[in-house]
Amino acid sequence: MVVKYTDIDYEVFTDAARHVSKGGSPYDRATYRYTPLLAWIIVPNVTLHKAFGKLLFVFCDIVAGYLIHLILKARGIPEFTAVKYSWFWLLNPMIITVSTRGNAESILAVLVLSSIYFMLKRRFTLSAVMLALSVHFKIYPIIYALPLFLNVGLLVKRQERTSEIGKHEGMLWAIFSNINHPNQFLYAFIASSIFLGINATMYYIYGLEFLEHTYFYHVTRKDVKHNFSVYFYLLYLTMDTSFSWVISLLAFLPQLVLVLVFAVKYYKDLPFCCFVQTFAFVIFNKVCTSQYFLWYLSLLPLILPQVQIDLTKGFKMLFAWFASQLLGGNQEDCRQNI
């Protein structure tokens with residue numbers, strides 16, 4: 001094709017899959033910073049057709065849209081209203097563009113939404129499995145572990161002592177009143193066992209390379225070219241100083257505090273809790289590209305029935321969001337030209 005449309009990450013995925021198909025390591029491909037599972041999944045890119053991965057990601061977009069619909073129905077939203085809210089994901093041009101260009105974020109969206117859906121349906125084992133897979137796939141869904149854990153206790157005990165829980169509003173009570181049920185510890189055991197089991201298998205096959213590129217790299221990563229981060233200019237100015245690593249580590253503090261506070265304060269409304277956690281996490285992340293917005297855009301339709309914002313204000317906010325991306329992108333192009 002004359003017009004270049006495919007994301008560079010897709011080329012990285014495909015090259016890693018090629019190494020895997022020949023019995024090598026996906027990390028033989030420079031800049032592959034993902035779980036080996038992704039390279040394994042898209043081996044058909046090499047053996048069948050290069051478009052396989054894109055078709056898979058688009059299919060996952062559709063599955064994610066269906067899960068949004070199911071979650072809304074599970075929360076008591078009427079059928080057609082639930083369908084309409086799912087359109088915010090399914091017909092979103094940004095979502096469509098990201099997947100058709102070859103980015104794998106839709107797989108993660110399916111895993112995260114599945115963990116929420118199965119929790120709301122009280123299918124705790126399946127929720128734990130999906131949580132473990134999502135955290136293995138990308139580390140950030142670990143932020144959902146606490147609200148999901150608390151929801152196990154909440155859902156199990158809701159019929160037993162709803163009135164007792166309602167009498168207490170303090171944060172500490174909110175935590176401790178829901179951490180004493182066997183189902184919770186079973187949930188934590190299943191999720192942690194699967195997560196550790198997959199990681200142990202990958203470590204056995206690929207060694208320290210797996211840990212370095214899948215996890216450690218993202219903790220220490222400093223990328224001043226991704227200018228949507230609120231820390232972009234600070235990290236850019238201090239990148240060559242001896243104390244840059246201190247600033248880099250301190251950048252995690254707002255994320256940690258907000259994620260924990262939101263988990264305890266809003267866990268009773270699981271979709272809303274996960275949304276505000278993700279929104280805060282993305283805003284205060286050291287690196288922020290357009291694909292990171294998909295992390296909370298997949299959860300946004302779940303809370304729209306509760307949002308009390310008039311249409312005019314909503315369009316103004318949407319315009320400001322897109323305008324900031326456009327201006328940020330232009331600034332990045334200018335820096336590269338200079």
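Visitor: How many helices and how many strands are there in the chain?
Guide: This is a predicted model. Helices and strands are read as DSSP runs. The count for this chain is 19 helices and zero strands.

Visitor: What percentage of the residues in the chain is buried?
Guide: A residue counts as buried when its relative accessible area is under 20%. The chain has 338 residues. The buried share of them is 46%.

Visitor: Among contacts between residues at least 6 apart in sequence, what percentage joins residues at least 24 apart?
Guide: A contact needs heavy atoms within 4.5 Å. Take the contacts between residues at least 6 apart in sequence. The share joining residues at least 24 apart is 71%.

Visitor: How many cavities of 30 Å³ or more are there?
Guide: A probe the size of a water molecule, rolled over the atoms, shows where empty space is left. In a cavity, the probe fits but cannot get out. With the cut-off at 30 Å³ or more, the count is two.

Visitor: How do the lining residues of the largest cavity divide into nonpolar, polar and charged?
Guide: The largest cavity holds about 70 Å³ of space. Its lining includes F13, Y34, D9 and K138. Tyr counts as nonpolar here, while Asp and Lys count as charged. The lining divides into five nonpolar, two polar and three charged residues.

Visitor: Which helix gives the most to the lining of the second largest cavity?
Guide: This cavity holds about 50 Å³ of space. Among its lining residues are L108, V112 and W295. Two helices, α7 (105-120) and α17 (294-297), each supply at least two lining residues. With four residues, the one that gives the most is α7.

Visitor: Which element supplies the largest share of the lining of the second largest pocket?
Guide: About 1,000 Å³ of space lies in this pocket. Elements giving two or more residues to its lining include α5 (79-90), α16 (270-283) and α19 (311-337). The largest share is seven residues, and it comes from α19.

Visitor: How many of the residues lining the second largest pocket are nonpolar?
Guide: The lining has 26 residues, and those nearest the pocket's centre include F88, L300 and L304. Phe and Leu both count as nonpolar. Three lining residues are polar and one is charged. The nonpolar count is 22.

Notes: Residues numbered from 1 in each chain as written. Predicted model: local features only at pLDDT ≥ 70, side-chain atom pairs only at ≥ 80, totals over all residues. Heavy atoms only, no water. 1 Å grid on protein atoms, 1.4 Å probe; cavity = no way out; pocket = protein on both sides within 12 Å on 5 of 7 lines; lining within 4 Å. Points joined across faces, edges and corners; volume = space filled by probe spheres on them. Buried < 20%, exposed > 50% of the residue type's maximum accessible area, 1.4 Å probe, protein only.
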